[in-house]
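Hello,

Here is the structure I promised to hand over. My notes on it follow below.

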Amino acid sequence: MVWRAVWRRPGQVARIGAWSVLEALPAFLIGHAVARAIEDGFAAGSVGTGLGWLAALGGAWVVAALAARQVVLAVAAVAEPFRDDLLTRVVEGAVREGQDSSAVARAGMQVELARDAFAAVVTTVRGFAFTAGGVLLGMLTLAPGALVLVLPPFAAGLGLFLMSLPLLARRQRAFLIADEELAAAMAVTAGGLRDIVACGDEDRVADRLAGRVEAQAAAARALARVTAVRTAALGVGGWLPVVLVLAGTSWLASGGAGAGVIVGMLAYLTQSLVPALNGLVHGLGVSGVRLVA
């Protein structure tokens with residue numbers, strides 16, 4: 001249903017892609033601008049050239065900000081029909097099953113949450129894809145040799161995160177179920193406290209509730225362990241390339257990369273690639289898992 005909601009409106013998808021290219025312009029330009037500002041500008045004694053490159057980068061950020069607004073509008077044009085379709089299915093199902101109005105109201109709230117999660121997933125995945133593409137293209141045109149240091153850990157971190165998503169979704173679903181079962185058991189117990197005391201059944205009921213509490217706590221611990229993979233993925237895919245570029249400075253310099261190029265490579269990593277991967281890990285690891293669960 002999610003894929004159908006996206007691809008049934010190819011015009012909006014094309015609009016999202018076109019504006020995303022402009023939004024990702026700073027991701028491509030930042031390394032080149034920093035490198036040229038240093039090597040052709042300030043280091044060469046040409047302050048005007050250095051400021052010119054920095055001004056070009058600033059202009060790219062202005063364009064990106066305007067494009068980001070258009071992306072939000074285009075994503076909303078996809079997300080709102082998805083909400084309408086999902087709400088229609090939920091209400092039809094509730095009517096067929098004879099559920100009361102309160103159940104329909106709760107389902108409506110869940111549909112709103114699903115709509116928000118859907119929009120967040122589309123925005124997050126799109127932003128990461130175009131930003132990462134701009135960064136890799138910029139690195140390829142600035143210092144191709146540095147990709148040897150960047151691509152393997154980046155691919156490993158991204159792969160680690162993507163492989164953890166199915167397990168993370170299962171753990172999230174198990175936690176939600178355990179939480180709901182605990183809440184239901186507490187409600188039943190609270191409503192029957194007088195009868196429980198009258199029958200002297202306090203110990204048995206307490207043991208049963210303790211089991212529910214332990215099940216919910218175990219589900220929370222399992223979810224936390226899988227969630228820790230996100231931190232590992234970000235460290236491997238985002239920050240390990242920074243360490244490798246710093247450690248490989250001498251090797252890059254021997255290949256003809258100047259100080260400005262190396263600083264530009266670090267700008268690509270710390271200002272574009274790491275934030276993009278961080279956004280994907282936390283955005284997809286929260287909204288995406290919530291949408292599936």
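**Surface patches**

Arg-170, Arg-171, Arg-173 and Arg-225 form a positive surface patch. Patches here are built from residues with over 30% relative accessible area and no salt bridge, joining like charges within 9 Å and nonpolar side chains (Val, Leu, Ile, Met, Phe, Trp, Tyr) within 5 Å. Lys and Arg count as positive, Asp and Glu as negative, while His and the chain ends are not counted. Each charge is placed at NZ of Lys, CZ of Arg, CG of Asp or CD of Glu.

Helix α6 (residues 147-191) gives the positive patch its largest share, 3 residues. Helices (H or I, at least four residues) and strands (E, at least two) are DSSP runs, numbered from the N terminus. Arg-171 sits in helix α6. Its relative accessibility is 31%, so Arg-171 counts as partly exposed. The classes are buried (under 20% relative accessible area), exposed (over 50%) and partly exposed in between, with a 1.4 Å probe and protein chains only.

Phe-42, Val-47, Leu-51 and Leu-54 make a nonpolar surface patch of about 350 Å². Areas come from the Shrake-Rupley method with a 1.4 Å probe; for residues, only the protein chains shown count as cover. Helix α4 (residues 47-97) supplies the largest share of the nonpolar patch, 3 residues. Phe-42 belongs to helix α3 (residues 25-42). Phe-42 is partly exposed because its relative accessibility is 38%.

**Ground rules**

This is a predicted model: local features need pLDDT of at least 70, side-chain atom pairs count only at pLDDT 80 or more, and totals for chains, interfaces and linings use all residues. Residues are numbered from 1 along each chain as its sequence is written, and side-chain values use heavy atoms, leaving out hydrogens and water.

**Whole chain**

The chain has 10 helices and 0 strands. Of its 293 residues, 40% are buried. The accessible surface is about 15,100 Å², with 67% belonging to carbon and sulfur atoms. Among contacts (heavy atoms within 4.5 Å) with a separation of 6 or more, 86% join residues 24 or more positions apart.

**Salt bridges**

A salt bridge is a side-chain nitrogen of Lys or Arg within 4 Å of a carboxyl oxygen of Asp or Glu. The count is 4.

Glu-23 and Arg-126 pair at 2.6 Å, N to O. That bridge links distant parts of the chain: Glu-23 is in helix α2 (residues 10-23) and Arg-126 in helix α5 (residues 101-142), 103 residues apart. Glu-23 is partly exposed at 24% relative accessible area. Arg-126 is buried at 10%.

Arg-36 and Glu-39 meet at 3.0 Å, N to O. They are 3 residues apart in helix α3, so about one helical turn separates them. Arg-36, Glu-39 and Asp-40 are linked in a salt-bridge network.

Arg-221 bridges to Glu-214, with the closest N and O atoms 2.9 Å apart. Arg-221 is partly exposed at 42% relative accessibility. Glu-214 is also partly exposed, at 43%.

Leu-158 lies in helix α6. It is buried, at 18% relative accessibility. Leu-158 touches Phe-128, Leu-277 and Leu-280, not counting residues up to four places away in sequence. The C-alpha atoms of Leu-158 and Val-236 are 8.5 Å apart, at 78 residues' distance along the chain.

Gln-216 is in helix α8 (residues 202-247). At 17% relative accessibility, Gln-216 counts as buried. With residues up to four places away in sequence left out, Gln-216 touches Phe-175, Ala-178, Asp-179 and Leu-182.

Best regards
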